[in-house]
Amino acid sequence: MAECGASGSGSSGDSLDKSITLPPDEIFRNLENAKRFAIDIGGSLTKLAYYSTVQHKVARVRSFDHSGKDSGQEHEPPYEVSVQEEVTARLHFVKFENTYIEACLDFIKAHLVNTETKVIQATGGGAYKFQDLIEEKLQLKVHREDVLSCLIKGCNFVLRNIPQEAFVCQGDADAEFRFQTNHPHIFPYLLVNIGSGVSIVKVEAEDRFEWIGGSSIGGGTFWGLGALLTRTKKFDELLQLASRGQHANVDMLVRDVYGGAHQTLGLSGDLIASSFGKSATADKEFSKEDVAKSLLHMISNDVGQLACLHARLHGLDRVYFGGFFIRGHPVTMRTITYSINFFSKGEVQALFLRHEGYLGAIGAFLRGAEQDNPNQYSWGENYAGSSGLRSTSPGLGPTQRARSGTFDLLEMDRLERPLVDLPLLLDPASYVPDTVDLTDDALARKYWLTCFEEALDGVVKRAVASQPEALDAAERAEKFRQKYRDKLQVLRLQPYAYGSLTVRSLLDTREHCLNEFNFPDPYCKVKQQENGVALRGFQSVVRALDALGWEERQLALAKGLLAGNVFDWGAKAVADVLESDPHFGFEEAKRKLQERPWLVDSYDAWLQRLKGPPHKCALIFADNSGIDLILGVFPFVRELLFRGTEVILACNSGPALNDVTHSESLLVAERIAAMDPLVRTALREEKLLLVQTGSSSPCLDLSRLDKGLAALVRERGADLVVIEGMGRAVHTNYHAALRCESLKLAVLKNAWLAARLGGQLFSVIFKYEVPAE
């Protein structure tokens, strides 16, 4: 591990650069716009939190201004696109060893141009120890905050805002992490913080908690006894010793006492009967590894039993563990989990947190931010700026830790609007957006990671082409390539770094990395052109549909929806076709579709349902711009309106691939309304409502949707949900259970995925589902 070359001297930021593997300005980013700070200093780690504003580019669309002149030529684009600067809020969290604190404070001071804050919130024992140093270096007054209050506040914040923050640890040899989706009701729970000692807190509401117990036998005990027994002074080295040890060489097991299992009591022979029991009678030297492992088991089992007893006493079934002792160490987590399961007979669940090391810093920050309380917003983890779970585990090899060295990062972006569950989810607590967990499925993981890496050249090329006037576009695109490739490499080594690894998380990470290097919407010009072409064909498609008999028209509408969904630049098979054949259009796409019976074919049941009474209100999640939206979705919308069904058309809030955004859909609808009286009337009478999803992803998480959309779904009594597209209906939500009827529609544009599902390229998913009575 690199030593800080400036630990006692008023060192400059330059010395910091020599001691770490990342440039300092990548660790402490956006300092020039920092507004507020908080710091949590423990016995060996410092956690710094700060809020800053981030300026980045966004693509905006608006109607052309034709005032005082003709309304444009036939081939004029349907709207204009401009790139503008936008300012958003970001939370930064940096974790590092106390050895680095002086150099880090020096770097911050040197680069802190203008801060509104005059006070820094501080918690942890180091808030006293380092108070003078912080005040001297940053010229800010330290305001000390209660440790416990900060921990709880931070815990509540991450549980609410970071999907898959909490996980259970399984497996005996190799740790398996099972991540939890955001639970809509996080209270009550037990928080067990294992620092030097152990604190046990019952949390009943946002600001209602009670310290109910603890123990003096905690992380400090492990460290202290470990140092005495092994002569190893560093905590992480002790954990590394323990990970290589065999505790049964030192511990007395049930089989050592009874010759096997204790049948009467139902105790297995492998159960520890006495920690360190063999050391009293065995006439031999024990290895440091075995001693450390025995000690780790003793402390972990003791904490687990204590936590279990308190949980049972207070009727709680969820226990979150955090604190310096955990450190993302698999053996520690497995032992605590085993202890909890054993003593509770499986009725209490042991949960761990990806960002447990930041809880105090987050809580301290929130305590000082009441004037624009971050709790009133929704936040999302920025995968481009976060290190991931990997860097907290001391058992990792140097190549796995090399990217951030001893510095661990978490960044969170403030989202424009609060995000909530879709009210139509059957059971929000058990809803899982993703169809396949790549953390579990090694074959699928290998395929998709390779697939995304091989697609990088195309993404870079598209990003550069989207900004022809920018002289630095190629340079930024190369930086994007390197950053995203680094992320893929981390995920190969540690697939659980950011929670469950899924196609959705790979897509979202790519979007975050593109945004970081100012490529907000690489497909904006493509979408503009394709929307223009599709709008010119809208009336002829509608005329052809209106000329059909009722039953023929329903099938044609279904095929139109599916054919429209072929036009997806995110699928390599389609991108290759579109680039090689510029004249590939709607009719050609229809011919590409699998003939009926489709791979998943509920069309007959859907047709039968259409012969019944109309739905009250349909919620449609649209996918791609151009032909998909205009020639596929809008004719389907028009038919529903004709039947007397109100329609809520939900599109992404922000760009991703060639997916249609809400702002684009408004302009497209305006153009369609000028051509079609049915759509024009529906918009005017608010029977057709265009809303944003709150998402900027090619996939769809129904537990994180715009609050306004959720309110509208309740208000209008939506009784049909239509989800179209491979990302929204196959990679995510394929198994989503809803309280109303649903249509999940997609064309499989990836040969590997199609084969996995038993089909071929351009196989069709037409899944109509009715909830059980």
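A salt bridge is a side-chain nitrogen of Lys or Arg within 4 Å of a carboxyl oxygen of Asp or Glu. The views below come from a predicted model.

**View 1. Lys767 and Glu769 form a salt bridge.** The closest N and O atoms of this pair are 3.6 Å apart, so the pair falls within the 4 Å cut-off. Lys767 has a relative accessibility of 13% and therefore counts as buried. Glu769, with a relative accessible area of 25%, is partly exposed. In the structure as a whole there are 54 salt bridges.

**View 2. Arg29 lies in the loop between helix 2 (24-27) and strand 1 (34-41).** Its relative accessibility is 13%, so Arg29 counts as buried. Leaving aside residues up to four places away in sequence, Arg29 touches Tyr50, Arg90, His92, Gly385, Glu411, Lys483 and Glu516. The side chains of Arg29 and Glu411 make a polar contact at 2.7 Å. These two residues stand 382 residues apart along the chain, with their C-alpha atoms separated by 9.8 Å. A network of salt bridges links Arg29, Arg90, Glu411, Asp413, Lys483 and Glu516. Side chains of opposite charge can pair when their charged atoms come close.

View 3. Strand 2 (residues 45-62) and strand 3 (residues 80-97) run antiparallel and are joined by 18 bridges. Within strand 3, Glu85 is the bridge partner of Lys57.

**View 4. Lys47 and Asp40 form a salt bridge.** The closest N and O atoms are 3.8 Å apart. Lys47 is buried, with a relative accessible area of 9%. Asp40 is buried as well, with a relative accessible area of 10%.

**View 5. Arg244 and Glu289 form a salt bridge.** Here the closest N and O atoms are 3.8 Å apart. The pair links distant parts of the chain, with Arg244 in helix 8 (residues 235-244) and Glu289 in helix 10 (residues 288-313), 45 residues apart. Arg244 is exposed, with a relative accessible area of 52%, whereas Glu289 is partly exposed, with a relative accessible area of 23%.

Terms used: Residues are numbered from 1 along each chain as its sequence is written. This is a predicted model: local features need pLDDT of at least 70, side-chain atom pairs count only at pLDDT 80 or more; totals for chains, interfaces and linings use all residues. Side-chain values use heavy atoms; hydrogens and water are left out. Helices (H or I, at least four residues) and strands (E, at least two) are DSSP runs, numbered from the N terminus. Buried means under 20% relative accessible area, exposed over 50%, partly exposed in between (1.4 Å probe, protein chains only). Contact means heavy atoms within 4.5 Å. A polar contact is a pair of N or O atoms within 3.5 Å; within protein, one must be able to donate a hydrogen and the other to accept it, and residues adjacent in sequence count only if both atoms are side-chain atoms. Two strands pair if DSSP finds at least two bridges between them.
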